[in-house]
Amino acid sequence: MADSCCSTDDRKPTTYAIDPVCGMKVDTDNEQKKRYTYSATTYYFCNPKCYEKFKTKPEYYLTGQHKIDATKKAETAPKGTRYTCSCHPEIIEYAPGVCPKCGMALEVMDMPTDEINPELIDFTRRLWVAAPLAIILLVIEMFDHLLAINLLPFLSGAERQWLGLTLAIPVMWAGMPFFERAILSFKTNNLNMFTLIGVGTFAAFTYSVVATFLPNLFPTSMLNMHSVIPVYYESAAVIIALVLMGQIMEIRSKQKTGNAIKQLLDLSPDIAHIIDKDGKETDIAVSAIAKGATLRVRAGEKIPLDGVIISGKTHVDEAMITGEPLQVAKQVGDKVIGGTINGTGGFDFTAQKVGDETILAQIIKMVADAQRSRAPIQSLADKVANLFVPTIFTAATIAFAAWMYFGPEPKLSYAVVAAVSVLIIACPCALGLATPMSIMVAMGKGARNGVLIKNAAQLEKMANVNILIVDKTGTITQGKPEVSEVFSLDNQYTVQDVIQQLASAEQYSDHPLAHAVLTCAQDQNLDLLKVDDFKDVTGAGISATISGKQILVGNLNFMTHSKIDFGTIPTAAQNRLAQGQTPIYISLANQAIGLVFVADQVKQDSATAIEQLHKLGIKVIMATGDIEQSAKAVAQQVKIDVVKAAMLPEDKIALVKQMQAEGKIVAMAGDGINDAPALAQADVGIAMGTGAGVAIESAGITLVGGSLMGIVKAKRLANATMSNIKQNLFFAFIYNTAGVPIAAGILFPLVGVLLSPIFAAAAMSLSSVSVVLNALRLRKVKL
């Protein structure tokens with residue numbers, strides 16, 4: 001007998017415990033979860049990190065002191081501030097700290113602040129301590145080794161060692177953050193660059209301390225010209241100073257990648273002029289404005305929020321949002337965007353979107369999310385980085401053993417230098433930064449040019465796109481069609497009757513053609529009739545009931561399918577068809593009553609954009625629901641390769657799938673509801689920002705300005721970004737591939753040179769900085 005829905009379940013219910021560190025629920029039956037017994041009580045932990053924290057100081061967490069400290073920290077940051085790692089964006093914390101994977105300091109996740117990075121302040125102070133002492137140690141040692149000049153002839157060899165130790169101890173304190181992160185990396189089993197730096201400098205310093213206090217442990221063959229065992233205080237000190245300097249340079253460079261968001265934040269004014277019910281004007285903080293408020297904008301001022309003009313007219317500079325250089329004329333009924341700049345006119349408007357709802361706020365959020373996303377190419381770097389540190393430890397061990405076995409005297413001294421140099425010169429951080437730095441800069445660059453990219457994967461796909469499918473209306477054309485001519489096909493109805501019937505049926509439609517018809521009816525002062533049973537047949541037309549009679553509005557296929565015969569249309573109407581104008585067929589009570597033509601002007605830059613896309617190696621296909629004559633007429637104007645007319649939404653999806661089946665990487669650009677399914681199916685969906693919200697939600701790239709030139713910019717940006725990422729990865733791979741053998745001493749048999757740990761540290765720091773600086777070059781790419 002099969003089990004019924006009423007059968008008894010004898011399975012043991014899942015029991016949970018609360019992690020005393022983070023407060024998360026933990027399945028007590030999960031053997032993989034860490035547990036720790038303290039004072040006869042067993043505590044369960046969601047991850048090894050919480051386990052290690054509790055194990056170190058259980059009373060701190062059991063008394064709740066960690067929550068008090070966290071609250072104090074949170075008071076210094078805005079409520080809800082989140083922190084993440086630039087190399088590992090999946091790490092999200094609600095307090096400052098370091099990344100448990102790579103050891104890098106966490107950065108503010110949501111929006112950049114004007115405050116100086118606290119880690120930058122701390123590292124700068126530490127560098128002021130480390131740098132002078134490291135330079136003193138370096139000068140003393142270099143003069144002695146390279147120039148054979150003893151700068152301290154009044155000190156014995158042992159006294160020189162004690163001086164080196166005295167100067168090195170404060171430098172080791174300055175490098176304490178690196179040692180803490182190295183220890184954390186071992187605890188969490190996430191070995192990283194700080195593991196190598198910490199182990200390398202600690203090994204050099206520890207060796208030197210032992211040589212200073214217990215010189216008898218070493219063979220006499222190791223004695224130098226001062227009759228003491230060689231020490232490497234200067235190496236440990238200079239390494240820490242150089243890494244501190246490299247970290248400071250890196251932090252400063254990385255801060256520049258957030259400039260795009262800061263510039264977007266600066267677009268919005270802090271104060272607005274609000275008009276009360278009595279018409280009195282008062283200045284108020286933009287953050288305090290509610291929906292529906294009436295605001296006034298004077299000439300030259302920034303528009304504070306999104307809304308609709310209710311009085312006045314002007315021209316608005318929307319370049320900072322849309323990337324379009326020309327000012328846009330605005331009058332009563334037109335929408336304005338917060339953050340754009342008013343021209344010479346003044347106007348009042350009603351605030352429709354406030355806070356996080358505004359276009360500017362959405363753009364900022366989209367850019368911030370995109371900057372933290374991971375490109376598929378990053379997985380290659382991640383795989384290498386995961387194996388990198390263990391490989392380097394192995395290489396250092398082999399180098400040490402090889403020098404001890406094959407090297408000349410003093411073998412131990414050479415072995416220590418080689419091993420420390422290998423540990424120090426290797427830089428997994430350069431690999432980790434190669435992709436995210438380029439992505440962060442690229443997303444900001446795109447935002448400043450009206451190209452909003454949802455995530456890094458879309459950017460990488462865009463670089464490989466070779467087929468672009470575009471809609472016609474609103475994409476190639478203005479999307480603001482106008483009624484050009486009206487034909488009555490039934491003597492019972494005048495031209496005005498046809499427009500009245502058509503406009504009445506279209507009043508509930510959001511199609512661009514419907515707006516054209518309604519505007520025409522409004523211009524002729526025609527009253528709209530009551531409509532019942534309105535139905536929108538996507539991609540075909542609409543049906544409704546007016547005064548008890550069914551009215552059908554749509555294309556010829558819709559009429560044919562509905563068995564409405566339009567017979568022979570007038571010659572003048574045929575001429576309109578030949579010119580590529582769009583016809584709207586109207587039937588009432590199963591009789592053809594009229595034919596209305598709508599013309600939509602091609603955007604000024606559409607032809608230029610298509611030409612540029614061809615030069616970028618992209619084949620362009622127009623897929624439109626319009627009739628073939630209209631589609632071909634527009635295609636001829638802009639020189640499009642292939643035209644697909646009378647396309648329903650499912651036809652567009654089929655076309656995308658067909659191209660993908662042929663091995664093409666397909667981008668689809670559109671602005672209407674009927675484009676949304678194809679946008680979702682395409683490898684890269686591109687929504688015109690002037691279009692329907694569902695189209696924008698379905699797309700991976702949004703063009704704020706609604707111009708095809710935005711696609712050209714997106715393609716150029718994608719190409720430049722992927723090229724930049726490959727340059728970074730190539731440099732990081734080559735640097736580490738070449739640097740490690742040189743540090744191990746491969747050149748010694750040939751030219752008698754063994755790389756000093758000091759030079760290894762300099763090379764390691766510069767490798768990370770060079771990756772960041774190369775990524776910043778994307779800011780100057782011409783789109």
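Biologist: In which helix is Ala718 found?

Modeller: Ala718 is found in helix α25. Helices are DSSP runs (H or I, at least four residues), numbered from the N terminus. This is a predicted model: local features need pLDDT of at least 70, side-chain atom pairs count only at pLDDT 80 or more, and totals for chains, interfaces and linings use all residues. Residues are numbered from 1 along each chain as its sequence is written, and side-chain values use heavy atoms, without hydrogens and water.

Biologist: Is Ala718 buried or exposed?

Modeller: Buried means under 20% relative accessible area, exposed over 50%, partly exposed in between (1.4 Å probe, protein chains only). Ala718 has a relative accessible area of 0%, so Ala718 is buried.

Biologist: Which residues is Ala718 in contact with, leaving aside neighbours within four places in sequence?

Modeller: Contact means heavy atoms within 4.5 Å. Ala718 is in contact with Leu459, Met462 and Ala463, once those neighbours are left aside.

Biologist: How many residues does the largest nonpolar core have?

Modeller: A nonpolar core is a set of buried Ala, Val, Leu, Ile, Met, Phe, Trp, Tyr and Cys residues, joined through side-chain atoms within 4.5 Å. The largest one here has 58 residues. Phe178 and Leu244 are among those with the most contacts inside it. Helix α8 gives the most to this core, with 12 residues. A second, separate core has 52 residues, including Ala456 and Ala714.

Biologist: Is Leu750 buried or exposed?

Modeller: Leu750 has a relative accessible area of 68%, so Leu750 is exposed. Leu750 is found in helix α26, residues 748–751.

Methods
Helices (H or I, at least four residues) and strands (E, at least two) are DSSP runs, numbered from the N terminus.
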